[in-house]
Amino acid sequence: MIDIAVLAVQGAFEEHIKHLKKHGVNGFELRQKSDLDRPFDGLILPGGESTVMGKLLHQLKMFEPLREKIRQGLPVFGTCAGLILLAKTIEKDDTVHFGVMDITVRRNGYGRQLGSFRRTAPMSPLGEIPMVFIRAPYIVSVSGKTEVLATIDERIVAAREGNMLVTSFHPELTDNFSVHRYFLDTMVRPHLSD
């Protein structure tokens, strides 16, 4: 059984855990530093408030151990705020959280009028999938070995770099499991066989 830790200090973590369990994958809450002692095969950084999550990670002394695990190759999937946590650069903001992925992001990129919306659009290599955006960021630019996986209106909303996958949208709020399956099949399972 694959074990996926879902950061549960703040934000929409329950939906990821339900989504994983519904599809036969063990997801569990990562709430405090002692939870890091439990072995896990991948990590999900959910949506929420990235600034609050960053502060709590430091207060709970989870920040450095998690950043080190990611740097050492632990597969990680960041949605919405999780994308911001992984980014090396946040536009118009000097804050850097994990700072491990070669992307520049724009926080609340769609503004108030389009604060929340749904769209069906292609994501490589998955084809057309449903996408739910909630006050979403988007990726302004990528560099290095980062691969763009999806765009909406010429804005990057999904990308991958090595062991890291990010989406601006919330696949856990749909019935479609293909993004999580992509994370499991192309990142987590190969990591287990290394």
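**Reading a predicted model, feature by feature**

Mentor: Let us start with a loop: Asp153 lies between β10 (147-152) and β11 (155-161), where helices (H or I, at least four residues) and strands (E, at least two) are DSSP runs, numbered from the N terminus. This is a predicted model, in which local features need pLDDT of at least 70 and side-chain atom pairs count only at pLDDT 80 or more, while totals for chains, interfaces and linings use all residues. Residues are numbered from 1 along each chain as its sequence is written, and side-chain values use heavy atoms, with hydrogens and water left out.

Trainee: Which residues does a cis peptide bond join?

Mentor: The cis bond joins Ser124 and Pro125, with omega about 0°, and Pro125 belongs to the loop between β7 (116-123) and β8 (127-134).

Trainee: How should I read a helix, and which residues of α2 are buried?

Mentor: An α-helix has 3.6 residues a turn, so residues three or four places apart point the same way. In α2 the buried residues are Ser50, Met53, Gly54 and Leu57. They cover an arc of only 100° around the axis, so they sit on the same side of α2; the arc is that of the directions from the helix axis to the C-beta atoms. On the other side of α2, Lys55 and Gln59 are exposed, whereas the buried residues pack against β1 (3-7), α3 and α4. Just after α2 comes Lys61, with a positive phi of about 60°.

Trainee: Which residues of α3 are buried?

Mentor: In α3 (residues 63-71) they are Phe63, Leu66, Arg67 and Ile70. Viewed down the axis of α3, these fall within an arc of 100°, so they line one face of the helix.

Trainee: Which residues touch the most other members of the largest nonpolar core?

Mentor: A nonpolar core is a set of buried Ala, Val, Leu, Ile, Met, Phe, Trp, Tyr and Cys residues joined through side-chain atoms within 4.5 Å. In the largest one, of 34 residues, they are Leu30, Leu43, Leu66, Leu86 and Phe98, and α4 gives the most to this core, with five residues. Apart from it lies another core, of 33 residues, including Ile2 and Val188.

Trainee: Where is Asp102, and is it buried or exposed?

Mentor: Asp102 is in strand β6 (residues 101-106) and is buried, at 17% relative accessible area. Contact means heavy atoms within 4.5 Å; leaving aside neighbours within four places in sequence, Asp102 has contacts that include Lys88, Thr146 and Glu161.

Trainee: Where is His23, and how is its accessibility classed?

Mentor: His23 is in the loop between α1 (13-22) and β2 (26-30), and it is partly exposed, with a relative accessible area of 29%. The C-alpha atoms of His23 and Gly78, 55 residues apart along the chain, are separated by 19 Å.

Note on methods. Buried means under 20% relative accessible area, exposed over 50%, partly exposed in between (1.4 Å probe, protein chains only).
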